[in-house]
Amino acid sequence: MESNDVEEEEFEFSRNYFLAKELGTSSKKSACKLSDINIVDEQELRDAYANLGPKHEKEINDLMNSYKKSYSEWVFILRCGFGLLMYGFGSKKFLIEDFASSALTDYSVVVINGYLQQIHLKQVVITLAELLWDQLKMHGKTTWENVPKNQPFNTKSMDDLIAFLDGPHLEDKECFVCVVVHNIDGPSLRDSDTQQYLARIAACSHIRVVASIDHVNAPLLWDKKMVHTQFNWYWLHVPTFAPYNIEGTFFPLILAHSGSAQTVKTASIVLQSLTPNAQSVFKVVAEHQLAHPNEEGMPLNNLYTFCRERFLVSSQITLNAHLTEFKDHELVKTRRNPDGQDCIYIPLTSEALEKLVQEIIH
């Protein structure tokens, strides 16, 4: 009898459930549409966000200063062959850059901004190879049969470049290039192929990686071999509670209309994160564009000559590195003039460009 009572209760519950569903679907539906929502303009929303005053500055500064006591330990971990992976709430960009500029001064450092929408990974690997080549020349170890002196690295494949970075060139294991990756889980680095290449780079004997993650599912990007053998991560919980001011610049805001392709404010924020030399090179392009508004842009050859005369760059490779960074940040674009020359131009109006140049000066 008890089992029959239970079955009747379950049947009654199921029946009531489906009756409720039928009554719900038969009611009048709302005529409201998502398109009817009055969405705020993206720039207006960003301006409102920028006007929010910082909070808990003292506590955040004390927390950041407390991490400085661990810098020597972090360097030791790198020298032991591990990679540093920093996680925790808050932007870790300033923390990692401060660590690199104060504790990694004896090593060459290459920075990858994973929060950008596009990254030229091969250009990064070429830069790593060139820096290692310079270190080998300093140690008198420049014999590599696959790279003749008259053949540049940019003609090599990714496999050849990675093989060079992993070569037994020096017995001194402390001779390495450090790769700093802000947001290794960023949108431009999340695909499987890119992560595989990053893991192979990290596994090279003359490479050490310092990276940060912010996405809750970031560890799902790697398998067991990548985590424990290639990246060889040493996990550091370093919450900073700092705002994601720079990282958030490159992400569209929720419930906001997209603004123009590049605003003065966004470009100014990006330029502030670049080196003084990179800012000066950008200023050269901007001033040329303002002086010659009817031209297609500044020819690359003229830009190199101008910058070299003013000691802003020492070689074409250095200039190319700056231009690649500009393109990654969508600060400049290229097009050809009627003479067939490749020209660099800034996709801003003359009025906006003048404001940007003034901000660079100040």
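You're looking at a predicted model, where local features need pLDDT of at least 70 and side-chain atom pairs count only at pLDDT 80 or more, while totals for chains, interfaces and linings use all residues. Residues are numbered from 1 along each chain as its sequence is written, and side-chain values use heavy atoms, with hydrogens and water left out.

**Stop 1: the whole chain**

Colour by secondary structure. The protein has 14 helices and ten strands, taken as DSSP runs numbered from the N terminus (helices are H or I with at least four residues, strands E with at least two). Of its 362 residues, 40% count as buried; here buried means under 20% relative accessible area, exposed over 50%, and partly exposed in between, with a 1.4 Å probe and protein chains only. Now for contacts, meaning heavy atoms within 4.5 Å. Among those with a separation of 6 or more, residues 24 or more positions apart account for 78%.

**Stop 2: helix 6 against helix 7**

Select 121-138 and 158-165. These are helix 6 and helix 7, packed at an angle of about 35 degrees with their axes 10 Å apart. Axes are lines fitted to C-alpha atoms, for helices over the stretch in contact, and angles run from 0 to 180 degrees between N-to-C directions.

Show side chains next. Helix 6 brings Leu 121, Lys 122, Val 125, Ile 126, Leu 128, Ala 129, Leu 132, Trp 133 and Leu 136 to the contact, and helix 7 answers with Met 158, Leu 161, Phe 164 and Leu 165. That set splits into twelve nonpolar, no polar and one charged. In this scheme Ala, Val, Leu, Ile, Met, Phe, Trp, Tyr, Cys and Pro are nonpolar, Asp, Glu, Lys and Arg are charged, and the others, Gly among them, are polar.

**Stop 3**

Turn to the open sheet, five strands in the order 3-4-5-2-6 with parallel pairing. Two strands pair if DSSP finds at least two bridges between them. At the edges sit strand 3 (108-113) and strand 6 (233-237), each pairing on one side only. On average, neighbouring strands are turned by 20 degrees against each other, direction ignored. Helix 6 turns up again here: it packs on the sheet, touching strands 3, 4 and 5, and its direction makes about 175 degrees with that of strand 3.

Zoom in on strand 4 (177-182) and strand 5 (207-212), a parallel pair with five bridges. Pick Val 180 and you'll find its bridge partner in strand 5, Val 210.

Then step across to strand 2. Which residue of strand 5 is the bridge partner of Leu 84? Val 210 again, while in strand 6 the partner of Leu 84 is Tyr 234. Strand 2 runs parallel to both neighbours, with three bridges to strand 5 and five to strand 6. Four of the five residues of strand 2 are buried, so the strand is largely enclosed by the rest of the structure.

**Stop 3: helix 5**

Select 93-103. Lys 93, Leu 95, Ile 96, Asp 98, Phe 99 and Ala 100 are buried in this helix. Those buried residues pack against helix 3 (57-68), helix 4 (71-79) and strands 2, 3, 4 and 5.

**Stop 4: salt bridges**

Count eight salt bridges in total, each a side-chain nitrogen of Lys or Arg within 4 Å of a carboxyl oxygen of Asp or Glu.

- Asp 214 and Lys 92 have their closest N and O atoms 2.8 Å apart. Asp 214 is in the loop between strand 5 and helix 9 (224-230) and Lys 92 in the loop between strand 2 (83-87) and helix 5, so the pair ties together parts 122 residues apart in sequence. Lys 92 is buried at 1% relative accessibility, and Asp 214 is partly exposed at 30%.
- Asp 159 and Arg 200 meet at 3.1 Å, N to O. This pair links helix 7 to helix 8 (192-202) across 41 residues. Asp 159 is partly exposed at 43%, as is Arg 200 at 30%.
- Glu 309 and Arg 310 meet at 3.6 Å, N to O. Glu 309 is exposed at 54%, and Arg 310 is partly exposed at 44%.
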